[in-house]
Amino acid sequence: MSKIIVMIGAPGAGKGTQSRLISEKYGYPQISTGDMLREMARAGTPLGQKIKETMASGKLVGDDILAEVILARTSQPDCENGYILDGYPRTTNQAHLLEELALRQRKKVLFMRVVVNEEPLFKRLTGRRTCPKCGEIYNIYFRPPHVDGICDLDGEPLAHRADDNPESVSKRFEEYRRSTGPLINYYSQNGRLVEIDGDLPVEDVFEKLCAVIDSLNGE
Ligand code: AMP
């Protein structure tokens, strides 16, 4: 049965990095709701403007908008054999909508949580810089590029997300606890949440995630 791999974790826990690695290894498309919303925000439509403001404040975008975005994207042919959700669901309501969608799409949902110590995440986020071309992720404190502000791989100027400033980051953590906390409780209580230690090095986290995915292959 094809799978929906759901990646849950605090802002900066490494969901995006791990989703990208899983996507490369297994060929499932990585669906990042944050990336899709940022693209909508750039379009400059009235809806895009609203999304941009909500994101910059660190709050969550409405469930109805997310439901539409997810349905449209996961109905594409490249999602037929499975896909990775990076950043969705984030609320219990979104989780229920996803369960319905999975039933309709005849897919099994695998919930994986990357568990991290939240204290160092603040610097991880405020120092984060991303290459808009190849997606490589840097950090001005922990993993700076060779040339300040330039991607090592393709020379592209690095981008700093509008919501990676201290104020928005604090708000995003607050939202995570308030909205995603209950979702985590729900799935861990009914035994459906696989938890991985996200404080390990990136390649070790990846290895553990792959072991879980491989153990379910054929189901
Ligand atoms: P991310 O790139 O996953 O950190 O998401 C950045 C921002 O996009 C969040 O702070 C929210 O404003 C918005 N966002 C992303 N995914 C969702 C979601 N599933 N539900 C609501 N808002 C979301």
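The expected span of a helix is 1.5 Å times one less than its number of residues. In this predicted model, that rule can be applied to helix 4, which comprises residues 63–74: its twelve residues should span 16 Å, and because its end C-alpha atoms are 16 Å apart, expectation and model agree.

Along helix 4, the residues Ile65, Leu66, Val69, Ile70 and Thr74 are buried. They lie on the same side of helix 4, because the arc that they cover around the axis is only 140 degrees. Asp64 and Glu68, by contrast, are exposed, and they sit on the face of helix 4 that is turned away from its buried side. As for what covers that buried side, the buried residues of helix 4 pack against several elements, among them strand 2 (30–32), helix 3 (46–57), strand 3 and helix 5 (92–105).

Strand 3 (residues 82–86) runs parallel to strand 1 and is joined to it by five bridges, with Met7 standing opposite Asp86 of strand 3. Strand 1 also pairs with strand 4 (residues 108–115), again in the parallel sense and over six bridges, and here Ile5 stands opposite Leu110 of strand 4.

Is strand 1 covered on one face or on both? Six of the six residues of strand 1 (residues 3–8) are buried, and both faces are covered, with Lys3, Ile5 and Met7 buried on one side and Ile4, Val6 and Ile8 buried on the other.

Conventions:
Residues are numbered from 1 along each chain as its sequence is written. This is a predicted model: local features need pLDDT of at least 70, side-chain atom pairs count only at pLDDT 80 or more; totals for chains, interfaces and linings use all residues. Side-chain values use heavy atoms; hydrogens and water are left out. Buried means under 20% relative accessible area, exposed over 50%, partly exposed in between (1.4 Å probe, protein chains only). Helices (H or I, at least four residues) and strands (E, at least two) are DSSP runs, numbered from the N terminus. Two strands pair if DSSP finds at least two bridges between them. The arc is that of the directions from the helix axis to the C-beta atoms. Contact means heavy atoms within 4.5 Å.
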